[in-house]
Amino acid sequence: MTQNPHIVVVDDEASTREMVGEYLGAHGFQVSQCDGGAALREVLKKASPDLIVLDLNMPEEDGLSIVRDLKQTSRVPVIMLTATASAIDRVVGLELGADDYLAKPCELRELVARIRSVLRRSQAAPAGAPAAAADGKQASRTVRFGTKWLDLDAHILRDDDGNEHPLTTSEFTLLKAFADNPKRVLSRERLLDLANARDPEAFDRAIDVRITRIRRKIEPDPDHPSIIRTVRGAGYVFSPDGKER
């Protein structure tokens, strides 16, 4: 993580945008403020921020559309701010690749804590050093996940042709947790702990949303998962060979 992480605050309400920006600046962050998607894209042309705080309810272009476009081209973490109590926006946002969410009006101290937590997850290096290859260079550690290969050192998901498939921070940390615990049933609580994704305000099935999103990327048949299987009443298990234990 850089000494002063760059945070982009996107909100169409100037008073809210400025209040959040000033508070983050006072807590050591470098802050850019944007009033919508167009302004955000201009910032992204010139800089690579460490995290984006994004209001979902904006008149010109809603935040969910921005998340969808952003995650197709970038791996920058996103924390959604939603003014409604509806779980639907949160679920859709998580499915699109957002890393966390917070209801508005939010407690600014909690926002800072969420930002720091997501930044830690996004910057965390996998445990252990990669093995040396025959030519003396460091070889990436990879794990087979169904139709893809997970590069634990580059945080990249690749297919057999070498094409890269984008992963959000939360997707990578979950896959890493499974890779470290093959053929072991992991409860939702345990997965949240292993992935360092503990969220005291999260609704019960948030982990299920992330698992569903991962399955679409790695399973030969996402409707009948065999690589990451559900164990009824217990949690999930990663079966590298696609077979039950």
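**View 1. The biggest nonpolar core, with F145, L150, F178, L191 and I228 touching the most other members of its 24 residues.** A nonpolar core here is a set of buried Ala, Val, Leu, Ile, Met, Phe, Trp, Tyr and Cys residues joined through side-chain atoms within 4.5 Å; buried means under 20% relative accessible area, exposed over 50% and partly exposed in between, with a 1.4 Å probe and protein chains only. Two or more core residues come from each of β6 (142–145), α6 (169–180), α7 (188–194), α8 (206–218) and β11 (235–238), and α6 gives the most, with six residues. Helices (H or I, at least four residues) and strands (E, at least two) are DSSP runs, numbered from the N terminus. Apart from this core sits another one, of 18 residues, including L54, I66, V78 and Y101. Bear in mind that this is a predicted model, so local features need pLDDT of at least 70 and side-chain atom pairs count only at pLDDT 80 or more, while totals for chains, interfaces and linings use all residues. Residues are numbered from 1 along each chain as its sequence is written, and side-chain values use heavy atoms, with hydrogens and water left out.

**View 2. F145 and its stacked partner F238.** Skip the neighbours within four places in sequence, and F145 is in contact (heavy atoms within 4.5 Å) with L150, L175, F178, A179, I218, I227 and F238. F145 counts as buried, at 0% relative accessibility, and F238 does too, at 2%. Rings of Phe, Tyr and Trp (its six-membered ring) pair if their centres lie within 6.5 Å; planes under 30 degrees apart count as stacked, over 60 as edge-to-face and the rest as tilted. That rule gives a count of one aromatic pair. Here the ring centres of F145 and F238 are 4.3 Å apart and the planes sit at 15°, so the pair is stacked. The pair ties together distant parts of the chain, with F145 in strand β6 and F238 in strand β11, 93 residues apart.

**View 3. Helix α3 (residues 63–73), seen with its buried residues.** G63, L64, I66, V67, L70 and K71 are the buried ones. They cover an arc of only 155° around the axis, which puts them on the same side of α3; the arc is that of the directions from the helix axis to the C-beta atoms. An α-helix has 3.6 residues a turn, so residues three or four places apart point the same way. Over on the other side of α3, Q72 and T73 are exposed. At the start of α3, a side-chain oxygen of D62 gets to within 3.0 Å of the backbone nitrogen of L64.

**View 4. R229 in strand β10 (residues 228–231).** R229 counts as buried because its relative accessibility is 14%. The side chains of R229 and S239 are joined by a polar contact of 3.4 Å. Such a contact is a pair of N or O atoms within 3.5 Å; within protein, one must be able to donate a hydrogen and the other to accept it, and residues adjacent in sequence count only if both atoms are side-chain atoms.

**View 5. E18 in helix α1 (residues 14–26).** With 39% relative accessibility, E18 counts as partly exposed.
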